[in-house]
Amino acid sequence: MNAAVMPAAARVSGSLAARPRVMTAQRFASGGLLGVFALRTALSRTPVST
């Protein structure tokens, strides 16, 4: 499985590098999504169990 993912990731990375606007949009989207997850976690009332 990993052997198939690596060439696909390299191809996507190459195409993103050729399109700076798409790469910028992807960075904003992923950063925003991580921010939403962080806020959801911070505001969650579920107790943390260890």
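**Close-up 1. Leucine 33 on helix H2.** Leucine 33 is partly exposed in this predicted model, at a relative accessible area of 49%. Buried here means under 20% relative accessible area, exposed means over 50%, and partly exposed is in between, with a 1.4 Å probe and protein chains only. The residue sits in helix H2, which covers residues 20-43. Helices are DSSP runs of H or I with at least four residues, strands are E runs of at least two, and numbering goes from the N terminus.

**Close-up 2. The nonpolar patch.** Leu33 teams up with Leu34, Val36 and Phe37 in a nonpolar surface patch of about 410 Å². Patch members have over 30% relative accessible area and no salt bridge; like charges are joined within 9 Å, and nonpolar side chains (Val, Leu, Ile, Met, Phe, Trp, Tyr) within 5 Å. A salt bridge, for the record, is a side-chain nitrogen of Lys or Arg within 4 Å of a carboxyl oxygen of Asp or Glu. Areas come from Shrake-Rupley with a 1.4 Å probe, and for residues only the protein chains shown count as cover.

**Close-up 3. Alanine 3 on helix H1.** Alanine 3 belongs to helix H1, residues 2-17. Alanine 3 counts as exposed, with 61% relative accessibility. From alanine 3 to phenylalanine 28 it's 25 residues in sequence and 29 Å in space, C-alpha to C-alpha.

**Close-up 4. Alanine 17, also on helix H1.** Alanine 17 lies in helix H1 too, and counts as exposed at 53% relative accessibility. Alanine 4 is 13 residues away from alanine 17 in sequence, and their C-alpha atoms are 21 Å apart.

**Close-up 5. Stepping back to the chain.** Two helices and zero strands make up the secondary-structure tally. The radius of gyration is 17 Å, whereas a compact globule of 50 residues would come in near 10 Å; that radius is taken over C-alpha atoms, and the globule rule is 2.2 Å times the number of residues to the power 0.38.

Residues are numbered from 1 along each chain as its sequence is written, and side-chain values use heavy atoms, leaving out hydrogens and water. Since the model is predicted, local features need pLDDT of at least 70 and side-chain atom pairs count only at pLDDT 80 or more, while totals for chains, interfaces and linings use all residues.
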